[in-house]
Amino acid sequence: MTDARVTVHTEATIDRIAPEVHGHFAEHLGRCIYGGIWHSDSSDEEGFREDTLELLADLELPVLRWPGGCFADDYHWEDGVGPQEDRPRRRNLFWAQGPEETPEESNAFGTDEFLEYCERIGTEPYLAANVGSGDPQEAANWVEYCNYEGDTELADRRRENGREDSYGVKYWGLGNENWGCGGRMTPEQYAREYRRYATYVGTMDNLLVEEDLELIACGFEGHEWNRRFMEEVAGAPWGTEFPLDHLTLHHYYGQGMTVSEADDEQYDRFLADALETEDHIERIAAAINAVATTRDIGVIIDEWGSWHPEATADNGLEQPGTVLDALSAASVLDIFNDHSDVVTMTNIAQTVNVLQCLVETDEDDAWARPTYHVFDLYAPHKGNEAVQTSVSTPSRELEDDRELPLVGSSASVDADEAYVTLTNLDCHSSQTVELSLEGTEPAEEDVSGEILFADQEPDLEVTADNAAEFGAEQLAVSVDTDGTLTTELPPSTVAAVSID
Ligand code: AHR
């Protein structure tokens, strides 16, 4: 008996899925940079951990945001360039109480190390400038140091530090959580600061040889804030001509729930919280559209993912990597696909060891978390054209009156194939799913599928010892004579079907 039906409307295109939607975020916090990315027994001579580097390079991350987070709101980039021995040691204002690796900031990992790392793993850098305690000149100088090809003191300093050519850094965030750790500003105050910063950083655009800069402003989950920011920032005399390419918000979920202690009802609430990402996208897009258009100013979710009570500042925001978290990531990636007409980038928090990281390390090893495998399974969507899906699914009514749809899906197409991802958010029952593609009657040999977590419980935590068990397996898909596909999704699983 069929539980859910998914219809893929192959001609109803939404927009291209920006590869940057699969982006990541790395902050000087706990063991993300120090211990995770930089310096350990398994580091190469430049100090990068080779095991982490290989895992991230294999995943082909499209973009990596750095150095924060709140850390960026107090970071002075000049502390982190030049000879290592001359770099000042500073307190890490927001994350000093973390694990012993990072009570203070050594500045050993700075701009050149980060940009070199991005090149080594094949990703675009996204630098977040300090609007909290910095000034516009400092931000504009950072752009000049990174990107200018001419004959100035800052460009020469980059050359002296070993880098002849421009790094061509395209993405520049002007602020982070400026309603909080980024200066506790009102939206109007931040909009005025943003205008000052964008004036000087935006002018650097004229100096660039290779890249146009994309300037990114920081928004908020509270959507009144975004509307007020947009009204102020777009005010006369600049109007929508003002340099603003993307507006961001952060969405974390899971704060009230330790996965290992939770019951099914709490799992459902957690997954429903993840699905609220959709409302946030729609509301921030509406705030933009009130004064501009989301085609000119994209939506970025530059921090998202689970944040459970175990992750505290004292332990460097570390929490176990579970199947349930990975399941939530899959359903959020489906939402991003469905909103590819407005979402230009997202950055899950964080890349290594912190929050819903993809890679976890100890002294000796680095291993992929379940969420890593979700990004891997969803990778074929990157750069495809998203198309609409209709999903008819059973749902569960939650105590707080919300509904959790049990089966989720999104789909994309390129010249050769359609790619459909599916989630079974029901953590204790299987779902039989019927899948059809409008205008297509595929034969058995045109169809292949993969599934994640078929043999694992939702609360299973990854460790160095069991990490190999979370990879994708083949998914059984039957094909009817009329081209309808049928598959069974065990509880808390993520699957992908490709149809030639
Ligand atoms: O990702 C951890 C923190 O969460 C970031 O530093 C901050 O931007 C957010 O509040």
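Here are a few questions and answers on the ligand site and salt bridges of a predicted model.

Residues are numbered from 1 along each chain as its sequence is written, and side-chain values use heavy atoms, leaving out hydrogens and water. Local features need pLDDT of at least 70 and side-chain atom pairs 80 or more, while totals for chains, interfaces and linings use all residues.

Me: How many residues surround the ligand?
Reply: Glu-27, Cys-70, Glu-177, Tyr-252 and Glu-303 are the closest. The shell divides into 8 nonpolar, 4 polar and 3 charged residues. The number surrounding the ligand is 15.

Me: How far is an N or O atom in the side chain of Gln-350 from an oxygen atom of the ligand?
Reply: A polar contact here is a pair of N or O atoms within 3.5 Å. Glu-177 puts a polar side-chain atom 2.8 Å from a ligand oxygen, and for Glu-303 the value is 2.8 Å. For Gln-350 it's 3.1 Å.

Me: Which residue forms a salt bridge with Arg-157?
Reply: A salt bridge means a side-chain nitrogen of Lys or Arg within 4 Å of a carboxyl oxygen of Asp or Glu. In this pair the closest N and O atoms are 2.8 Å apart. Arg-157 sits in helix α4 and its partner in the loop between β3 and β4, so the bridge ties together parts 79 residues apart in sequence. The partner is Glu-78.

Me: Is Asp-79 buried or exposed?
Reply: Buried means under 20% relative accessible area, exposed over 50%, and partly exposed in between (1.4 Å probe, protein chains only). Asp-79 forms a salt bridge with Arg-90. Asp-79 has a relative accessible area of 11%, so it's buried.

How values were computed
Near = heavy atom within 4 Å. Polar contact = N/O pair within 3.5 Å; in protein donor to acceptor, adjacent residues only side chain to side chain. Nonpolar A, V, L, I, M, F, W, Y, C, P; charged D, E, K, R; others polar. Helix = DSSP H or I, 4+ residues; strand = E, 2+ residues; numbered from the N terminus.
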